[in-house]
Amino acid sequence: MLFKYFDANHGIEVHDAIIEKSGGLSGIINLGLLDSTLSHVKNDSYYPEIEDKVTHLFYSINKNHCFNDGNKRTAIALSAYLLEINGLDSKIDLFIKRMENITVYVAENRIDKELLKELISSTIYEYEYNEELKLQLFNALSS
C-alpha cells in the first residue's frame with residue numbers, strides 16, 4: 001500500500017490552529033524532533049502498517065515535546081489527519097474520542113508504546129476493545 005504523508009509545515013500549522021482555538025503557549029521548541037518523527041513514520045521497514053505509523057506519530061509527538069504547549073492535542077490531531085489522508089476517515093471520530101484520555105496516560109507513562117499500538121489497532125480495525133485489551137488497559141491504569 002502506498003501511504004500518504006504530510007510535512008513539518010503542515011504539522012506546525014495544525015499545532016498553531018489548536019493553540020489559537022483552545023489556548024496555550026504557541027511556538028516550536030525543536031523543529032528537528034518534528035522533522036525526525038515525520039521522517040521515521042515514512043520508513044516502511046520500521047513502520048510497515050498504518051497502525052504502526054499512527055502509533056509512532058502519536059507517541060513521538062506526545063512524548064518528545066517538540067512544541068512549547070499542546071503536544072498531547074497535536075498528537076491526536078496529526079494522527080487523525082494521517083488516518084484521514086490514508087482513507088480511514090470513517091475511524092476519525094472514534095479515534096479522537098478514545099485518544100482524548102489515552103494521550104494523558106501516554107504522557108504520564110501509564111500507557112507504553114506497545115499498549116498504545118494495540119489500542120490504536122483496535123480503534124482502526126474493530127469498534128470495541130476486546131476483553132483482553134480492556135484488561136491490559138485496566139492493569140496499566142491501576143498501577
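Buried means under 20% relative accessible area, exposed means over 50%, and partly exposed lies in between, with a 1.4 Å probe and protein chains only. I start with that because I looked up Thr55 first: Thr55 is buried, at a relative accessible area of 3%.

**Ground rules**

I note that this is a predicted model, in which local features need pLDDT of at least 70, side-chain atom pairs count only at pLDDT 80 or more, and totals for chains, interfaces and linings use all residues. Residues are numbered from 1 along each chain as its sequence is written, and side-chain values use heavy atoms, with hydrogens and water left out.

**Thr55**

I placed Thr55 in helix H3. Helices here are DSSP runs of H or I with at least four residues, strands are runs of E with at least two, and both are numbered from the N terminus. I then listed the contacts of Thr55, leaving aside neighbours within four places in sequence: Lys113, Leu116, Lys117 and Ile120. Contact means heavy atoms within 4.5 Å.

**Whole chain**

I counted seven helices and zero strands. The order from the N terminus is α-α-α-α-α-α-α. I checked the radius of gyration, taken over C-alpha atoms, against the globule rule of 2.2 Å times the number of residues to the power 0.38. A compact globule of 143 residues would have a value near 15 Å, and the chain, at 14 Å, agrees with that. Along the principal axes, the C-alpha atoms fill a box of roughly 40 × 35 × 25 Å.

I find that 42% of the 143 residues count as buried. Among contacts with a separation of 6 or more, 67% join residues 24 or more positions apart. The accessible surface, from the Shrake-Rupley method with a 1.4 Å probe, is about 7,700 Å², and carbon and sulfur atoms account for 50% of that area.

**Nonpolar core**

I define a nonpolar core as a set of buried Ala, Val, Leu, Ile, Met, Phe, Trp, Tyr and Cys residues joined through side-chain atoms within 4.5 Å. The largest one has 37 residues, and Phe58 and Met99 touch the most other members. At least two of its residues come from each of H1 (8-22), H2 (31-41), H3 (50-64), H4 (71-85), H5 (92-107), H6 (113-125) and H7 (131-142). H4 gives the largest share, seven residues.

I also looked up what Phe58 touches, not counting residues up to four places away in sequence: Ala75, Ile76, Ser79, Phe95, Met99, Thr103, Val106, Leu116 and Ile120.

**Positive phi**

Most residues other than glycine have a negative phi. I noted two residues with a positive value.

- His65, not a glycine, has a phi of about 50 degrees. I find His65 in the loop between H3 and H4, partly exposed at a relative accessible area of 42%.
- Asn109, also a residue other than glycine, has a phi near 65 degrees. I find Asn109 in the loop between H5 and H6, where Asn109 counts as exposed at 58% relative accessibility.

**Glu49**

I found Glu49 in the loop between H2 and H3. Glu49 counts as partly exposed, at 41% relative accessibility. I took the C-alpha separation of Glu49 and Phe67, which are 18 residues apart along the chain, and got 26 Å.
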